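These notes are meant for a colleague who is opening this structure for the first time. Please read them with the model on screen and go through the points in order.

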Amino acid sequence: MIELALNGMQKFYGASKILENITFDIQTSEKVGIIGRNGTGKSTILKIIAGIESNDGGSVILKKESTIGYLDQIPEYPKGYTVADVLNTAFKNQENIREELKELEGKMTDFSGKDLEIILKKYGELQQKFEHTGGYEIEEKLSKVCTGLNIGEKFKNNLFINLSGGEKTTVILGKILLQSPDILLLDEPSNHLDMEAVEWLEGFLKEYKGSALVVSHDRYFLDSVVTKIVEIEDMECETYNGNYSYYLKEKDRRMMLQFEAYEDQKKK
């Protein structure tokens, strides 16, 4: 099933056209890499998909009710927020459901008959929702992501506002992974990670049930994670159904076919 589709998308900055006829799709659970020279508009594509910027032509179609996780800029948090507080904002929905469950538990002793039946029915629905959104797996997920990104117990107590730019980016990346959106938009996710954390992220993304669109210059990361490459060149895109190594071979093959066709045309 198609999770996201871009059809003939265009983008202008003033009178300058940046992107033209960007067309590709992402299937459910598919991991896609976007490559191209600096300044070709790769990050702009992510911002348009995330709704941060608008497109000036074509369409961007998301599957109904799909959620997006995108690390663009570091959001502001209250001055007293620790790293642990920021990470726990990923579970805001689950915490709201937990509070509703507690309220209903308090009401159960005050009602009987049909009123109690209504409360019990609502309680059961909320329990199912809590389970479906991973409410019973919060501690397990938090431990897994923090271990993988080297966010230790001591580091969790640091004030978020006092962290370096790279440290903040790592924490926000962790928060986004904990949110488990349907589509992850990752712009150079391995830039601020050590080798061990990069290897962990590769494994995490390969097992991730959602889809991912990754901008990266790290060919080894792309080889390990993605199964489709979208190359941005001369404002347009071309799709290659394989990892980065496949892309290199297939691009050479396509260029050779074009050259042969050009030579044949000259002869004619």
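1. In this predicted model, helix α5 (residues 138-148) and helix α8 (residues 195-207) have axes that come within 9 Å and cross at roughly 140 degrees. Angles over 145 degrees would count as roughly antiparallel and those from 65 to 115 as roughly perpendicular, and α5 and α8 are therefore oblique to each other. On the α5 side the contact is made by Lys-144, Val-145 and Gly-148, and on the α8 side by Ala-197, Trp-200, Phe-204 and Glu-207. Sorted by class, the residues of this contact between α5 and α8 are four nonpolar, one polar and two charged.

2. Is Lys-209 buried or exposed? Its relative accessible area is 74%, and exposed means over 50%, so Lys-209 is exposed. Between Lys-209 and Ser-180 there are 8.7 Å from C-alpha to C-alpha, while in sequence the two are 29 residues apart.

3. The aromatic residues deserve a separate look, and a pair of rings is described by the distance of the centres and the angle of the planes. When rings are paired if their centres lie within 6.5 Å, the count comes to seven aromatic pairs. One of them joins Tyr-77 and Phe-160, whose ring centres are 5.4 Å apart and whose planes stand at 85 degrees, so this pair is edge-to-face. The pair links distant parts of the chain, since Tyr-77 lies in the loop between β5 (68-70) and α2 (83-88) and Phe-160 in the loop between α6 (153-156) and α7 (165-179), 83 residues apart.

4. Tyr-77 and Phe-160 form one aromatic cluster together with Tyr-81. The ring of Phe-160 also has the charged end of Lys-168 sitting over it, 5.7 Å from the ring centre. A charge over a ring is found as well at Tyr-220, where the charged end of Arg-219 is 5.9 Å from the centre of the ring.

5. Helix α10 (residues 244-267) holds Tyr-247, and Tyr-244 lies in this helix too, three residues from Tyr-247, or about one turn. The rings of Tyr-244 and Tyr-247 form an aromatic pair that is tilted, with 5.3 Å from centre to centre and 50 degrees between the planes. Both tyrosines are buried, and for Tyr-247 the relative accessible area is 7%. Leaving aside residues up to four places away in sequence, Tyr-247 touches Ile-35, Ile-229, Glu-231 and Tyr-240. Ser-54, by contrast, is 29 Å from Tyr-247, C-alpha to C-alpha, and 193 residues away in sequence.

6. As for the protein as a whole, its secondary structure comes to 10 helices and nine strands, and its C-alpha trace spans about 90 × 45 × 35 Å along the principal axes. Of the 268 residues in the protein, 41% are buried. Among the contacts between residues at least 6 apart in sequence, 65% join residues that are at least 24 apart.

Notes: Residues numbered from 1 in each chain as written. Predicted model: local features only at pLDDT ≥ 70, side-chain atom pairs only at ≥ 80, totals over all residues. Heavy atoms only, no water. Axes fitted to C-alpha atoms, helices over the stretch in contact; angles between N-to-C directions. Helix = DSSP H or I, 4+ residues; strand = E, 2+ residues; numbered from the N terminus. Parallel < 35°, antiparallel > 145°, perpendicular 65-115°, else oblique. Contact = heavy atoms within 4.5 Å. Nonpolar A, V, L, I, M, F, W, Y, C, P; charged D, E, K, R; others polar. Buried < 20%, exposed > 50% of the residue type's maximum accessible area, 1.4 Å probe, protein only. Phe/Tyr/Trp six-rings, centres within 6.5 Å; stacked < 30°, edge-to-face > 60°. Lys NZ or Arg CZ within 6 Å of the ring centre and 35° of its normal.
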